[in-house]
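Hi,

Here is the structure I said I would pass on. Have a look at it, and then read on for my notes on its charged side chains.

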Amino acid sequence: MKNLRINACLLLAMLIAVSSAAFAQGDKRSSAILEAMSNKYQKIKSFKAAFTYSPEGGKPLKGEATVKGTKFRLKMAGQEIFNDGKLMATYIKETNEVNLQDFDPTAGGDLDPTRIYSAYKKGFKYAFLKEKKEGAKSLEVVELTSTNKSSQVDKVQIEVNKADKSINSWKIFQKNGQQVTYKVDQFQPDVAVADTYFTFNAKQYPGVEVVDLR
């Protein structure tokens with residue numbers, strides 16, 4: 001479950017980062033690509049994304065993330081993570097159990113969605129790697145290398161659709177050697193979603209065991 005939480009934070013960090021990051025520590029082409037991508041997502045107030053999560057050497061998994069400001073709800077690998085900005089609830093379907101803990105925006109460092117803004121402004125340098133084809137799409141690949149010695153992330157490779165500057169996929173290289181690829185299968189901007197959607201409601205999970213870690 002710990003690995004899932006880490007990967008969940010990495011995923012949400014990347015998703016949220018594109019809407020607000022200031023890209024300045026790179027070559028002109030990489031900066032231009034990232035700025036264009038950022039401008040595209042900057043106006044989005046909420047979104048829903050379906051993705052494929054592929055750990056190196058592991059089985060690809062499907063997931064879904066809904067984000068609204070600093071609130072998020074993530075479904076992946078038989079688990080759901082609810083975060084309403086104050087309380088984080090991790091529901092495990094197999095055991096019908098939910099773990100509750102206070103959401104501490106200072107605990108996750110650069111993996112925390114609520115702090116990724118400053119992390120991405122100061123914690124990475126950028127370089128254009130290459131342009132590639134995927135079917136009819138032309139993709140521009142930019143590599144972000146962490147300059148933060150305490151970060152768990154070594155580098156991230158982002159593939160950006162050259163035509164509309166949308167994110168096609170990204171690959172995260174962690175300092176422990178693990179590699180994870182996220183492929184965006186579907187993206188819906190400005191979805192109408194109530195704040196209650198990000199709060200775990202035990203009544204919707206009959207018989208759930210509540211483990212309060214607060």
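Is Lys137 buried, partly exposed or exposed? Lys137 is partly exposed, with a relative accessible area of 29%. The label follows because partly exposed covers the range between under 20% (buried) and over 50% (exposed). Before going further, please keep in mind that this is a predicted model.

Lys137 has a partner: it forms a salt bridge with Glu134, and the closest N and O atoms are 3.5 Å apart. Glu134 is partly exposed too, with a relative accessible area of 29%.

Another one of them brings together the side chains of Arg29 and Glu131, at 3.0 Å from N to O. This pair links distant parts of the chain: Arg29 sits in helix H2 (residues 28-42) and Glu131 in strand S7 (residues 124-134), 102 residues apart. Arg29 is partly exposed at 38% relative accessible area, and Glu131 also counts as partly exposed, at 38%.

Then have a look at Asp212, which forms a salt bridge with Arg214; here the closest N and O atoms are 2.7 Å apart. Asp212 counts as partly exposed at 42% relative accessibility, whereas Arg214 is exposed, with a relative accessible area of 54%.

There is also a network to trace: salt bridges with shared partners join Arg29, Glu131, Glu140, Lys162 and Lys165.

Cheers

Methods:
Residues numbered from 1 in each chain as written. Predicted model: local features only at pLDDT ≥ 70, side-chain atom pairs only at ≥ 80, totals over all residues. Heavy atoms only, no water. Salt bridge = Lys/Arg side-chain N within 4 Å of Asp/Glu carboxyl O. Helix = DSSP H or I, 4+ residues; strand = E, 2+ residues; numbered from the N terminus. Buried < 20%, exposed > 50% of the residue type's maximum accessible area, 1.4 Å probe, protein only.
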